[in-house]
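Here is a quick tour for anyone opening this structure for the first time. Keep the 3D view handy and follow along.

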Amino acid sequence: MELTRRSFLKLSGATAAAATLTGVGLRKAIAAPVEPLRIKYTKEVPTICTYCGVGCGIICSVQDGIVVNAEGDPGHPINEGSLCSKGSSIFNASYIFEEKGKPIPNPKRMTKVLYRAPGASDYEEKDWNWALDEIAKRIKDTRDRTLVKTVDVGGRQVTVNRTNAINWLGSAWCTGEENYLFHKMCRAMGVINLDHCARL
Ligand code: SF4
């Protein structure tokens, strides 16, 4: 479009009017009552996201022992304040807000052992000691039944002491030290199929 003196003045007038209107809208918005920040009376506690091996920094805002907000730590060298969709939702791993905005424990968070027996359609609650004993029993049974001690390599028996019947998946919710110990334990049992949700 060719810009004549007249069209330039018209355009300037329209821009000034829009700016005035925007200013009025802004002033109204600013004058509107503002709810106090959720983090106003909280203590900031820095932590690390537990979802994956990237290790983004998060600041938790804690009030009376309850986390009321969690967001990316702008001072953290890895994420500089940003979080992916998983990290952004980490607050809901523990809490949700009820209708009046009060944080309450997330009712969908699993806090009990649920066991579904082979062929059963429903889960039943079990205690942790039962679950840990059962897991240990089944791992040992599977390992003992399937352990391959040697394989034939060109007519020569080579010791391998391995089982292909167990697959171990590490967790980014565990610390590096815990995953290291899982790894050592698996190797000691002859488990050779090891992986991790963050491929660590
Ligand atoms: S899950 Fe997302 S926010 Fe959490 S450490 Fe990994 S990349 Fe960062």
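Helices (H or I, at least four residues) and strands (E, at least two) are DSSP runs, numbered from the N terminus. This is a predicted model, in which local features need pLDDT of at least 70 and side-chain atom pairs count only at pLDDT 80 or more, while totals for chains, interfaces and linings use all residues. Residue numbers start from 1 along each chain as its sequence is written.

**The big picture**

- The protein chain has 4 helices and 10 strands.
- Reading from the N terminus, the elements go α-β-β-β-α-β-β-β-β-α-β-β-α-β.
- Buried stands for 20 or more other C-beta atoms within 10 Å of a residue's own, exposed for 12 or fewer, and partly exposed for anything in between, with C-beta atoms placed from the backbone.
- Take the contacts in the protein chain between residues at least 6 apart in sequence: 34% of them join residues at least 24 apart. A contact here is two residues whose C-beta atoms, placed from the backbone, lie within 7 Å.

**The sheet β1-β2-β3**

- Strands of a sheet pair through backbone hydrogen bonds, either parallel or antiparallel. Two strands pair if DSSP finds at least two bridges between them.
- This open sheet has 3 strands in the order β1-β2-β3, and its pairing is antiparallel. At the edges are β1 (43-48) and β3 (66-72), each pairing on one side only.
- On average, neighbouring strands of this sheet are turned by 30° against each other, direction ignored. Axes are lines fitted to C-alpha atoms, for helices over the stretch in contact, and angles run from 0 to 180 degrees between N-to-C directions.
- Strand β2 (residues 57-63) pairs with β3 in the antiparallel sense over 6 bridges. Val-62 sits opposite Val-67 in β3, and Ser-61 sits opposite Asn-69 in β3.
- β2 and β3 make a hairpin with 2 residues between them.

**The sheet β8-β9-β10**

- Another open sheet has 3 strands in the order β8-β9-β10, this time with mixed pairing. β8 and β10 are at the edges with a single partner strand each, so one side of each has no neighbour in the sheet.
- Neighbouring strands of this sheet are turned by 40° against each other on average, direction ignored.
- Strand β8 (residues 148-153) and strand β9 (residues 156-170) are antiparallel, with 5 bridges. Val-148 faces Arg-162 in β9, while Val-151 stands opposite Val-158 in β9.
- These two strands, β8 and β9, form a hairpin with 2 residues between them, and Gly-154 in the turn has a positive phi of about 60°.
- β9 and strand β10 (residues 191-196) run parallel, joined by 5 bridges. Thr-163 has Val-191 in β10 as its bridge partner.

**Two helices to look at**

- Helix α4 (residues 176-189) lies across β9 and β10, and runs at about 160° to β10.
- Helix α3 (residues 128-146) has 19 residues and reaches 27 Å from its first C-alpha to its last, close to the 27 Å expected at 1.5 Å a residue. That expected span is 1.5 Å times one less than the number of residues.
- How many of the 19 residues of α3 are buried? The count is 0, so α3 is hardly covered.

**Backbone spots worth a click**

- Most residues other than glycine have a negative phi, and most peptide bonds are trans.
- Asp-64 is not a glycine, yet it has a positive phi of about 50°. Asp-64 lies in the loop between β2 and β3, and is exposed, with 8 other C-beta atoms within 10 Å.
- Asn-161, also a residue other than glycine, has a positive phi near 45°. Asn-161 belongs to strand β9 and counts as partly exposed because it has 13 C-beta neighbours inside 10 Å.
- Ser-82 is in the loop between β3 and α2 (85-88). The C-alpha atoms of Ser-82 and Gly-72 are 5.3 Å apart, although 10 residues separate the two along the chain.
- Is Ser-82 exposed, partly exposed or buried? Ser-82 is partly exposed, with 14 other C-beta atoms within 10 Å.

**Around the ligand**

- Which residues surround the ligand? They are Cys-49, Tyr-51, Cys-52, Val-54, Gly-55, Cys-56, Asn-79, Leu-83, Cys-84, Lys-86 and Gly-87. A residue is near a molecule or strand if its C-beta atom, placed from the backbone, lies within 6 Å of it.
- This shell divides into 7 nonpolar, 3 polar and 1 charged. Ala, Val, Leu, Ile, Met, Phe, Trp, Tyr, Cys and Pro count as nonpolar, Asp, Glu, Lys and Arg as charged, and the others, Gly among them, as polar.
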